[in-house]
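Thank you all for coming; please have the sequence and the model open while I talk.

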Amino acid sequence: MKKNCPIGVFDSGVGGLSVFSQLVKLLPNENYLYFGDTKNLPYGDKTKEELIEITSKIFDFFKGKNVKAVIMACNTTSALTYETLKDKYDFKIYPVVQNVAKQIANEGHHNIGVFATQGTINSHAYKNEIQKYNSDINVFEIACPQWVQIVENELQDDKKSIENIKQHLDEMLKNKVDKIILGCTHYPYLLQTLSKFTPENLFINPAKYFAHSIIDDLKTNDLLNNEKTSEPIFFVSSNPPQFISSSKLFYDVKTAQEILIG
């Protein structure tokens, strides 16, 4: 593979930009393609079969763009589709859940909370992956199905949204957790609201862990690009103006191309 081939990043919407922004800071010489599947969000309420079909089409799109790697910035697709699809493509595939859980399991925590979509929670992906490396850790999981729409529609300051966020947080804090994983890439957008009720350092933004693990693996496989040749290109499956507006919290997207995949 040519080192200067692009890296593909995808999520159901703007959430994956939390991972993307970390990568751009740490690997500025890479060429990036970002796909936000805004037509099909939220992913958290879809079946495994639906998500495998969606993810396959996204992988096929990136294959057509001759990528050297695809980053599954979406926790839900990482949890439900990675094992099925991981050996079907000739580019590197990096799933967020599996990469992050291994690192968190070795940090010495006893009680870990996970906020995630319904699909991720139902899969118990974080719990299974963390306990695979450290069976002594207690993992408490709570689904927050409304949070993706809160972020995508920029409703984080809405009274009902704040009440919903606090309700889930209060429920989690009853478990006396050491850390809470924001197990959906959209959820770090809500840190400002969450930190009104408890210290911000209680929360783990997986994007930082994930970005470092990707860098290490690209180095190991001698796939780091030495010379940037293009600016990031953003694609969405619907409503580019809304995507651009919602993106500003994590990355200043100027333009986005609407495309139909599959």
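The largest pocket has a volume of about 240 Å³, where a pocket is, on a 1 Å grid over the protein atoms alone, an open set of points where a 1.4 Å probe fits, with protein on both sides within 12 Å along at least five of seven lines, and a volume is the space filled by probe spheres set on the points, joined across faces, edges and corners. Before I go on, please note that this is a predicted model, in which local features need pLDDT of at least 70 and side-chain atom pairs count only at pLDDT 80 or more, while totals for chains, interfaces and linings use all residues. Residues are numbered from 1 along each chain as its sequence is written, and side-chain values use heavy atoms, with hydrogens and water left out.

Which residues lie nearest the centre of the largest pocket? They are Lys92, Ile93, Tyr94, Asn99 and Asp217, out of 13 residues that line the pocket, lining meaning an atom within 4 Å of a point. By element, β4, α4 (96-105) and α10 (206-220) each supply at least two residues of that lining; helices here are DSSP runs of H or I with at least four residues, and strands are runs of E with at least two, numbered from the N terminus.

Let us follow β4 into its sheet. Six strands form this open sheet, in the order β4-β3-β1-β2-β9-β10 and with parallel pairing, two strands being paired if DSSP finds at least two bridges between them. Its edge strands are β4 and β10 (257-258), each pairing on one side only. Helix α2 (residues 48-64) packs on the sheet, touching β1 (7-11), β2 (32-36), β3, β4 and β9 (233-236), with contact meaning heavy atoms within 4.5 Å.

Between β3 (residues 69-72) and β4 (residues 92-95), which run parallel, there are four bridges.

Strand β7 (residues 179-182) is joined to β8 by two bridges, and Ile180 has Phe203 as its bridge partner in β8.

Definitions and conventions
Axes fitted to C-alpha atoms, helices over the stretch in contact; angles between N-to-C directions.
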